[in-house]
Amino acid sequence: MAVRLEKPWRKLVQEELGSVHGQMGVFQLANADHEIIFIGFAGGRSLFGLKGELQEHLGSADSFRLEITTAYKTRHQELLMVHFADHGHYPVLNTAEETRGLGRLSP
Amino acid sequence: MQLQPTQEQDLVVNMVRRFVREEILPLEMNLDPDADQLAEEDEDRLKSMVKDMGLYGMGIPPEYGGPELDMVTRTLVAIEMSQHRAGLYAPCYGVFGGAGLAQLFEANDDQKERYLYPTLRGEKKGFFGLTEPSGGSDPARAIQTKAVQDGDDWIINGSKIFISGADRADYGLVFVRTSRDKGRGGITCFIVDTDTPGFHVRRIVHTLRSANYATELQFEDMRVPAKNILGEVNKGFAIANDRLSRQRIPYSAGCIGVAIKAHEMAVEYSKIRETFGAPLSSRQSIQWMLIDNEIDIQQARWATLEAAALADRGDPFRKQAAMAKLISTEGASRVVDRSMQIHGGYGVTKDFPFERWYREMRIRRIGEGPSEVQRHIIARDILGSGLR
């Protein structure tokens, strides 16, 4: 498995979410320049999984990409750490509590 | 032979049991089922409660400011601490602290100043780096990471895998081959600062477990001063080996705690869940599952407490620790499996803790030396050290 999530970006619009299902997994949201602004996950308490989580973000980002995984917690932490390693900061919409205690990667 | 906890042990165990039930379980209800940490304010509050209870850093010797409970009491406490969803790999979400890397108690004064004391003050974190891609069951022979002396420094090249906490650590104990000796004689333990050029945490190794994940490390021409050798050159394996035997006791205790909780839930559920007009508990097939749970738990408890008692007395305990690890990890796996079965469809949902225990418990039969290695250790004890 690649450390970075490198799937093609898809428009964050209701029609596109029609093909997203209710699995657990991780996702990234980006602005119109495809800069990552949020890294999230659909976990065991997410209503309707990835679909539900992405619907919550309709209107707050330009595009998304996702990865289905049951290891959503560790993958979420890994993606945040990789983002920090690449950019020197966490995505702007991720809160301090979400990034508290994260380690450092040099992928 | 004393088969009963002392009054003091009873007191401590009851205090921890109440803490888990009244403080940890309610918070866990609102966390993600795979959560591995509490919100910062809850963590701080609970840590301070544990300090007030006098149980923070249970393994820390009094000369370093800790209570240093004996191994039997620590085992009894560890059995209580793991009785919640995240309990196997994040017992009480870490609010009881720890001794850090106990091997540092044997460090020299300079090393204690730079690593041990800051760790005990909570200013630094360490990791334990033994396993390599070439294998972890026989580390003395599998270690291929090499260090070559260059003046007052050593240059380290190689990699490690399945290393917990390296990405969050300030330093680590890294076991490296320093001589051509292919076996135990050629291993040295280095204390490595994680900001050393050439130290890389390449990735998280995603596994079945949700907490305390493992990482893969790479060392590229990493220059470490000779003053960072823990103990003596080529005598590092003894440090690793002592830790491996000792670690098997709390490792076993964590499994027993989860098994007790799973069994307790299965007993309760069997009494309220009805099929064909009668509770599950009235069915012999279910009763036998519960009986087998009870037997597995009891066997594991006694084997683990015996190993702990031997360790407390200063007697050899390697064989007993291996037996405890074998019995408790295999027994607890069966208990979780049966308890999940009794819960039917609900047992496999994330609404209940069984699926997390089931996944994480599977690792316990491999981690800290797989069942087969434990049997090998026991065989070596029975047949003599001539057995390789």
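Predicted model: local features only at pLDDT ≥ 70, side-chain atom pairs only at ≥ 80, totals over all residues.
Take the helix pair in chain B to begin with. Helix α8 (residues 318-342) of chain B and helix α10 (residues 371-383) of chain B have axes that come within 9 Å and cross at roughly 150 degrees. Angles over 145 degrees count as roughly antiparallel, so that is the label for α8(B) and α10(B). The crossing of these two helices, α8(B) and α10(B), is left-handed. On the α8(B) side, the contact is made by Arg318(B), Lys319(B), Ala322(B), Met323(B), Lys325(B), Leu326(B), Thr329(B) and Glu330(B). On the α10(B) side, the residues are Ser371(B), Gln374(B), Arg375(B), Ile377(B), Ile378(B), Arg380(B) and Asp381(B).

Next come the aromatic rings. Searching the whole structure turns up 14 aromatic pairs over all chains. One of them joins Phe19(B) and Phe96(B), with ring centres 5.4 Å apart and planes at 85 degrees, so this pair is edge-to-face. The pair links distant parts of the chain, since its two residues are 77 residues apart. Phe19(B) sits in helix α1 (residues 7-28) of chain B, while Phe96(B) belongs to the loop between α3 (71-81) and α4 (109-120) of chain B. Both are buried: Phe19(B) has 3% relative accessibility, and Phe96(B) has a relative accessible area of 1%.

The rings of Phe352(B) and Phe354(B) are arranged another way: their centres are 6.3 Å apart and their planes lie at 20 degrees, so the pair is stacked. Phe352(B) is partly exposed, with a relative accessible area of 22%, whereas Phe354(B) is buried at 0% relative accessibility. These two Phe residues also belong to a cluster, in which ring pairs link Tyr346(B), Phe352(B), Phe354(B) and Trp357(B).

Finally, there is the backbone. Most residues other than glycine have a negative phi. Phe48(A), however, has a positive phi near 60 degrees. This residue, Phe48(A), is found in the loop between β3 (36-42) and α2 (49-56) of chain A, and it counts as exposed at 64% relative accessibility. Cys92(B) is not a glycine either, yet its phi is positive, at about 50 degrees. Cys92(B) has its place in the loop between α3 and α4 of chain B. Is Cys92(B) buried or exposed? With 0% relative accessibility, Cys92(B) counts as buried.

Note on methods: Residues numbered from 1 in each chain as written. Chains lettered and ligands numbered in written order. Heavy atoms only, no water. Axes fitted to C-alpha atoms, helices over the stretch in contact; angles between N-to-C directions. Helix = DSSP H or I, 4+ residues; strand = E, 2+ residues; numbered from the N terminus. Parallel < 35°, antiparallel > 145°, perpendicular 65-115°, else oblique. Left-handed = near helix turned anticlockwise from the far one by under 90°. Contact = heavy atoms within 4.5 Å. Phe/Tyr/Trp six-rings, centres within 6.5 Å; stacked < 30°, edge-to-face > 60°. Buried < 20%, exposed > 50% of the residue type's maximum accessible area, 1.4 Å probe, protein only.
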